[in-house]
Amino acid sequence: MSTATDHRPRLRARRDVVVSLSTVVLLVTCVVAGHLFLDDTALRPNSALRLLPPSIGHPFGTDHLGRDLFTRVVKGLALSLGIGVLTAAISTVISAVLGICAALLGRRVDGVISWLIDLSIGIPHLIFMILLAFTVGGGIPGIVLGIAFTHWMSLALLVRADVKQIRDAEFILVARGLGRSSLFIACRHVLPLVLPQLLVGFVLMFPHVILHEAALTFLGFGFSPQTPAIGILLSEGMPHISSGMWWLAVLPGLALLLLVLGFARLGDRVRTVLDPATSNG
Amino acid sequence: MNTPILTVSELDVSFTQYASGLRTRTLTGIAGLNIEVREGEILAVIGASGSGKTLLAQAILGILPRNADVTGEIRFRGERLTAARRRRTLGREISYIPQSVTNLDPLMPVGEQVRIGLDPKTAHQEQSRLFARYGLASEAARLYPFELSGGMLRRVLFATSVRDTVRLIIADEPTPGLHAEAVEEVLRHLRELAADGVAVLLITHDIVSAVSVAERVAVMNGGRLITVEPAAAFTGDGDGLGHPFARDLWRALPQNRFSIGGVEWH
Amino acid sequence: MALTVSGLSYGYAGGKLLYRDASFRVEAGAVVGITGPSGSGKSTLGALLAGDLRARSGEITIDGAPLPRRGFRPVQLIHQHPERAVNNKWRMRSVLRESHEVPQETLDLLGIRSEWLDRWPAELSGGELQRFCIARALHPATRYLVADEMTAMFDAITQAQIWHALSGIVRERGLGMVVISHEPALLDRLCDEQIAVESFRD
């Protein structure tokens with residue numbers, strides 16, 4: 001019997017996508033607007049305002065140098081978002097190129113790329129990342145490359161498996177018979193078909209990237225302490241938790257969590273809509 | 001011999017699909033179909049893929065995809081075929097012979113599959129009788145589907161579908177890709193069943209086998225029933241066929257004129 | 001001028017040989033039918049002729065030259081299921097252009113309406129799609145066509161329409177054609193010569 005598909009979970013997932021997309025868009029808009037319009041004077045040290053708890057004037061309180069924590073968190077998240085987009089994009093491109101090449105260019109290329117994937121998966125994540133960031137010399141390029149080069153493997157494997165399924169499709173055999181090159185087939189036939197997979201991969205990579213950026217800066221491999229990166233805020237705030245100044249670490253942490261969960265949920269929902277088989281919606 | 005077993009009146013089947021975003025669109029599968037199968041009769045339904053003939057079978061059996069909307073009436077032996085009545089009659093009075101032998105359970109010996117739904121007391125006896133009827137060796141009962149040849153599996157399918165209580169058989173493309181001899185065997189079994197008084201609805205795109213086995217042939221195209229012709233009219237040049245579409249269809253066969261409309265081959 | 005198969009042997013890994021030492025020729029301008037029950041290796045032979053598969057041993061030559069490994073292949077295969085042979089993310093205009101700028105005359109002969117060109121594959125019937133696949137295969141450099149159960153999925157009228165159109169074009173261009181089908185009546189109509197694929201078994 002032909003498979004009868006129930007469309008209701010898919011419809012529900014579509015509504016979920018709309019909801020989580022709106023959440024994410026709202027968050028991102030707030031962060032970007034805050035980044036553009038919040039007054040930079042609030043970031044200047046002011047000894048009169050040191051370590052104030054949250055209030056109307058300072059919703060997240062102030063830090064040990066009297067800087068407004070809310071402004072710092074918004075600036076930090078804006079930086080995270082920027083780095084996130086750039087890194088996830090680079091990582092997605094690497095996955096797409098290597099995944100498609102592995103599946104399309106024959107056994108030898110596949111062997112080399114599979115070896116590279118296994119090797120990269122084998123090296124512990126964080127150490128590899130720190131080494132890479134160190135080699136490039138810290139700062140934004142260090143963080144971006146460090147994270148991008150350690151996060152492409154699983155998506156590359158997915159792309160490779162997807163392309164393997166369609167590479168012997170009749171329309172691709174026809175294209176070869178008509179004399180079309182592998183590059184043409186990769187760009188015109190294969191890429192549009194794996195694009196949804198890449199999109200989901202990109203969105204799902206995003207929260208990872210933001211978390212790792214925070215982790216790297218928390219550990220001190222990244223920016224100078226003046227930069228309002230979330231990781232730096234967290235590492236500065238941690239020692240103060242024990243002395244009762246909880247807002248210094250908790251509020252930036254919650255803001256980061258909200259953003260990360262928003263993106264993770266969005267990616268998950270988008271995947272359900274695009275491919276109901278891989279999830280039970 | 002003339003009691004109607006299956007009566008389908010004003011059947012409409014349509015599908016709701018997602019077009020883009022949350023918007024939906026409706027596709028018509030079958031529109032305004034009326035058809036009747038009588039006791040002891042083989043009615044063939046022919047049509048190209050997409051003509052709606054398989055949907056007709058699915059509508060009768062209640063196995064349409066969930067996004068299908070069905071209106072109209074399907075009556076079995078005079079009574080409306082409701083979901084509750086289907087549960088009581090499917091497999092006992094109404095039998096389905098599917099398109100492909102992959103519908104057999106690969107993990108169950110074929111004898112056991114034939115015994116499903118039989119009275120447990122007489123099941124073994126009945127199964128041996130069915131095996132004998134379809135020319136299957138009794139040792140084959142213990143074998144799994146992968147151990148049997150395609151032709152034998154087809155006979156097993158018949159044995160699983162046919163019960164003494166059966167009044168209506170729906171056979172959906174029972175002869176795809178089979179060579180002439182195997183097709184003839186399947187058709188012979190259908191003829192035997194009809195001779196026992198069973199009503200047979202044979203769904204196929206093979207005009208020649210439809211004509212050779214059925215009394216009447218219903219021609220479907222684009223979700224509509226175009227015409228019902230007596231099978232005997234599909235002969236020679238098809239001059240006896242009432243509807244021009246049926247005539248064109250018959251004459252377009254390569255063994256006939258291989259013509260299109262009035263245009264002859266070569 | 002012929003498509004020549006000599007000493008061809010082929011079998012799937014771990015399976016029996018489908019053909020042993022098969023040899024035949026298809027003259028330019030001739031129509032040769034390949035018959036046989038399902039599973040006998042008819043389609044595999046079509047894929048070998050078109051170069052989608054490589055033979056283990058034996059040789060396939062086109063007008064004296066071996067089948068090219070890269071670039072356009074002068075033997076074009078038309079598949080049984082047109083909906084699998086076109087990318088469903090492409091409009092029909094692009095599907096044709098992947099091959100060449102198909103002249104209006106060819107489109108007319110095949111009964112392809114100009115409004116179909118802007119449609120997606122899902123918006124056409126199988127018979128309509130198959131006409132596009134045929135137009136695409138009729139590249140100016142095409143010398144031979146392999147039609148693998150090309151009309152098996154269609155009703156008799158559509159089947160006759162497609163063959164009427166294609167055989168006219170094939171005759172005019174002097175193409176050679178291999179027709180793979182399980183339907184004897186169709187092959188009787190179309191072919192100058194018929195070969196049973198079982199005859200390659202031993």
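Between chain C and chain B, about 1600 Å² of area is buried, and carbon and sulfur atoms give 67% of that; buried area here is the accessible area (1.4 Å probe) that two parts lose on being put together, summed over both. On the chain C side, I157(C), H164(C) and R189(C) lose the most area to chain B, together 40% of what that side buries. The model is a predicted one, where local features need pLDDT of at least 70 and side-chain atom pairs count only at pLDDT 80 or more, while totals for chains, interfaces and linings use all residues. Residues are numbered from 1 along each chain as its sequence is written, chains are lettered from A in the order in which they are written, and side-chain values use heavy atoms, with hydrogens and water left out.

In terms of contacts (heavy atoms within 4.5 Å), 18 residues of chain C meet 21 residues of chain B. The polar side of things comes to three residue pairs in polar contact, both partners at pLDDT 80 or more. Such a contact is a pair of N or O atoms within 3.5 Å; within protein, one must be able to donate a hydrogen and the other to accept it, and residues adjacent in sequence count only if both atoms are side-chain atoms. Two helices of chain C, α6 (156-173) and α7 (184-190), each give two or more residues to the side that touches chain B, and the largest share, nine residues, comes from α6(C). Helices (H or I, at least four residues) and strands (E, at least two) are DSSP runs, numbered from the N terminus.

Single residues also deserve a look. F258(B) sits in the segment after α8 (244-251) of chain B and has a positive phi near 60° despite not being glycine. F258(B) is buried, at a relative accessible area of 0%, where buried means under 20%, exposed over 50% and partly exposed in between (1.4 Å probe, protein chains only). D21(C), in strand β2 (residues 17-27) of chain C, likewise has a positive phi, near 55°, but D21(C) counts as exposed at 53% relative accessibility.

Back in chain B, R85(B) belongs to helix α2 (residues 83-89) and is buried, with a relative accessible area of 9%. Leaving aside residues up to four places away in sequence, R85(B) touches F76(B), R77(B), E79(B) and R80(B).
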